[in-house]
Amino acid sequence: MTSTVRAGIRAGLSLFPHRHLVVALGLGLAVSTLWAAAASYYLVFHDEVLARFVSRQSAMQFAYEERLGILQRALDRSAAESVAARGNVESRLAALIERQALIEKRQGLLSGFGAAAAGLDGLLPAPVPVAQPAPRVQKPFPTPELRMRGEDRAEEAGRDTAGRLSRLEDALHRVAESQSRAVAGIGLQAARSAERFRDLIARTGLSHARFDAQPSGVGGPLVPLGSDAFESALADAQRQIDEETHLRRVAAALPFRQPLPGELTFTSSFGARLDPFTRGYALHTGVDMRAETGAPVQATAAGRVTAAEHAGGYGTMVEVDHGRGLVTRYAHLSGTAVAVGQRVEAGAVVGFAGSTGRSTGSHLHYETRIDGEPVDPQRFLRAGAQLVFAD
């Protein structure tokens, strides 16, 4: 029994290595089968896998290129907006500088009005300085990422620049309006002054048209003025100033001054009166003023001496021609201080009061004549009393 068992055990032990071999062979066969299956699958589905791989790569490339296109378009748009904004700022700034130059030119025109503008200096505005554009520094063009990060800052800077330009434009607009008001004020002042002189001339019985100069030898192309408010106001003011200047010169040429210094005392008026010698009515061709012998007698307007001699009932007389048919006479003088043909200015001493000729005592006989006809001198003296003369 024992030997039989032992023999069976030996037989079983002898078979044990063959079982390991069978297992190993089975595993190898399984691996080979799997490899063959995988190889067969790869060989069978190789083209489909490759196609899917290529498709995925193409889709990724297309998406990448599309994003690059979006970024490029954003970059181009940013560049265009930057160029447009810079061009707009530069054009606005150039317009401001040009307007500033125009305002400075107008300021010179206003100052050139002389005496008419002198009384309105407080109304003349100061130009608002316009900053010159700063030199541009060329910088690398920003990438879309940089632009996106600095977009808010750039927009804020753009708004700040636009705000400053708007404030400068508003300031220059206010200056331009102020200049228009100033020149209109100058014109109004000149018009009022011209009306005053026109009224004074009318009180003498003369028309200012009598003294209007007739232009000769003038011409040139017609260049209409613009319709700008300042230019219109300037043209109107210039007309008023020219008219006022002309009337001022006319007034300066009229005998508006007193022939005697101090307060005048009239002893006989112009017109019909009882003659002191005949006691009958006669025409008194001037006015008589009380004056001490030797008192200086002054020319009442500028002119040229046409007589300085004894003239019958006038006694010693000086006659001054003021032009345009206007003459003044100073009679009963004790002596003369001028000679015939001499040019005298208003206020110049032409002689000395006395009682020569047909006179009852020391006084001044004063006449004004227009085109040879005597007129009441008090027309001129009353009008002249409203003027202040610069001696």
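**Notebook: salt bridges and a hairpin**

I started with Arg239, which forms a salt bridge with Asp236, their closest N and O atoms being 3.4 Å apart. I count a salt bridge when a side-chain nitrogen of Lys or Arg is within 4 Å of a carboxyl oxygen of Asp or Glu. Two notes on what I'm working with: this is a predicted model, where local features need pLDDT of at least 70 and side-chain atom pairs count only at pLDDT 80 or more, while totals for chains, interfaces and linings use all residues. Residues are numbered from 1 along each chain as its sequence is written, and side-chain values use heavy atoms, with hydrogens and water left out.

**Entry: the helix pair.** Arg239 and Asp236 are three residues apart in helix α4 (residues 229-253), so about one helical turn separates them. My helices (H or I, at least four residues) and strands (E, at least two) are DSSP runs, numbered from the N terminus. I looked up accessibility too, with buried meaning under 20% relative accessible area, exposed over 50%, and partly exposed in between (1.4 Å probe, protein chains only). Arg239 counts as exposed at 53%, and Asp236 as partly exposed at 33%.

**Entry: strand to strand.** Next I found Asp288 and Arg273 in a salt bridge, 3.4 Å from N to O. This pair links distant parts of the chain, with Asp288 in strand β4 (residues 287-290) and Arg273 in strand β2 (residues 271-274), 15 residues apart. Asp288 is buried at 8%; Arg273 is partly exposed at 22%.

**Entry: loop to loop.** Asp275 and Arg358 also form a salt bridge, and their closest N and O atoms are 2.8 Å apart. Asp275 sits in the loop between β2 and β3 (281-284) and Arg358 in the loop between β10 (349-353) and β11 (363-370), so the pair ties together parts 83 residues apart in sequence. I have Asp275 down as buried at 7% and Arg358 as partly exposed at 39%.

**Entry: the whole search.** How many salt bridges did I find in the whole structure? The search gave 10. I also noted a network of salt bridges linking Glu319, Arg329, Glu367 and Arg369.

Entry: Strands β6 (residues 303-310) and β7 (residues 316-323) run antiparallel, joined by six bridges; I call two strands paired if DSSP finds at least two bridges between them. They form a hairpin with five residues between them, and Gly312 in the turn has a positive phi of about 60 degrees. β6 also pairs with β9 (residues 343-344), antiparallel over two bridges. There, Gly303 has Val344 as its bridge partner.
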